[in-house]
Amino acid sequence: MAAAAPAGEEAAGAPELDGRHPIKAPLVGTFYRASQPGAPPFVNEGDTVDEGQVVAIVEAMKLMNQVQADKAGKVAEILAEDGAWVEFEQVLMYLAEDEE
């Protein structure tokens with residue numbers, strides 16, 4: 001019997017929430033917030049990101065695949081835990097409109 005899905009997986013198919021834009025896993029693998037152990041994370045909650053900016057990586061079959069923001073905004077919430085297994089199109093984090 002399968003275990004209950006974590007909150008991030010339940011939101012995988014959810015539309016934009018309260019105007020927040022989801023950034024989803026591009027493939028199945030292990031989610032990392034930094035390029036290597038001990039390195040600072042690509043982004044933290046509250047950071048502003050540009051479209052195309054690398055926000056995380058997902059390791060699959062020993063290959064590191066960049067996760068990029070598909071629009072500009074402010075990182076509102078990071079759902080996936082560093083080192084956690086993620087599923088295809090699982091919501092990793094949410095972006096909010098950047099209020100400049």
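1. Two strands count as paired here if DSSP finds at least two bridges between them. By that rule, β6 and β8 are an antiparallel pair, joined over 4 bridges. One place to look is K74, which sits opposite A96 in β8. Keep in mind while you browse that this is a predicted model.

2. β8 has another partner as well: β1, residues 21-24, runs antiparallel to β8, again over 4 bridges. If you want a spot to check on screen, K24 has V91 of β8 as its bridge partner.

3. How much of β8 is buried? Of its 6 residues, 5 are, so the strand is largely enclosed by the rest of the structure. The cut-off behind "buried" is under 20% relative accessible area.

4. On to the core. The largest nonpolar core has 17 residues, and V55 and M93 are the members that touch the most others. Three strands, β4 (54-60), β6 (73-78) and β8 (91-96), each put at least two residues into this core.

5. Setting aside its neighbours within four places in sequence, M93 contacts H21, P22, I23, F31, V43, V55, A56, V75, E77, I78 and L79.

6. Next, the open sheet. It has 4 strands in the order β5-β4-β2-β7, with antiparallel pairing. Which strands stand at the edges? They are β5 (63-68) and β7 (85-86); each has a single partner strand, so one side of each is left without a neighbour in the sheet.

7. Within that sheet, β2 (residues 29-32) pairs with β4 in the antiparallel sense over 3 bridges.

8. Last, empty space. Rolling a probe the size of a water molecule over the atoms shows where such space is left. Searching the whole structure turns up 1 cavity of 30 Å³ or more, and the volume of the largest cavity is about 40 Å³.

9. What lines the largest cavity? The residues are G19, H21, K71, A72, G73, L95, A96 and E97. By type, the lining splits into 3 nonpolar, 3 polar and 2 charged residues.

Notes: Residues are numbered from 1 along each chain as its sequence is written. This is a predicted model: local features need pLDDT of at least 70, side-chain atom pairs count only at pLDDT 80 or more; totals for chains, interfaces and linings use all residues. Side-chain values use heavy atoms; hydrogens and water are left out. A nonpolar core is a set of buried Ala, Val, Leu, Ile, Met, Phe, Trp, Tyr and Cys residues joined through side-chain atoms within 4.5 Å. Buried means under 20% relative accessible area, exposed over 50%, partly exposed in between (1.4 Å probe, protein chains only). Contact means heavy atoms within 4.5 Å. On a 1 Å grid over the protein atoms alone, a cavity is a set of points where a 1.4 Å probe fits but cannot get out, and a pocket is an open set with protein on both sides within 12 Å along at least five of seven lines; lining residues have an atom within 4 Å of a point. Grid points are joined across faces, edges and corners, and a volume is the space filled by probe spheres set on the points. Ala, Val, Leu, Ile, Met, Phe, Trp, Tyr, Cys and Pro count as nonpolar, Asp, Glu, Lys and Arg as charged, and the others, Gly among them, as polar.
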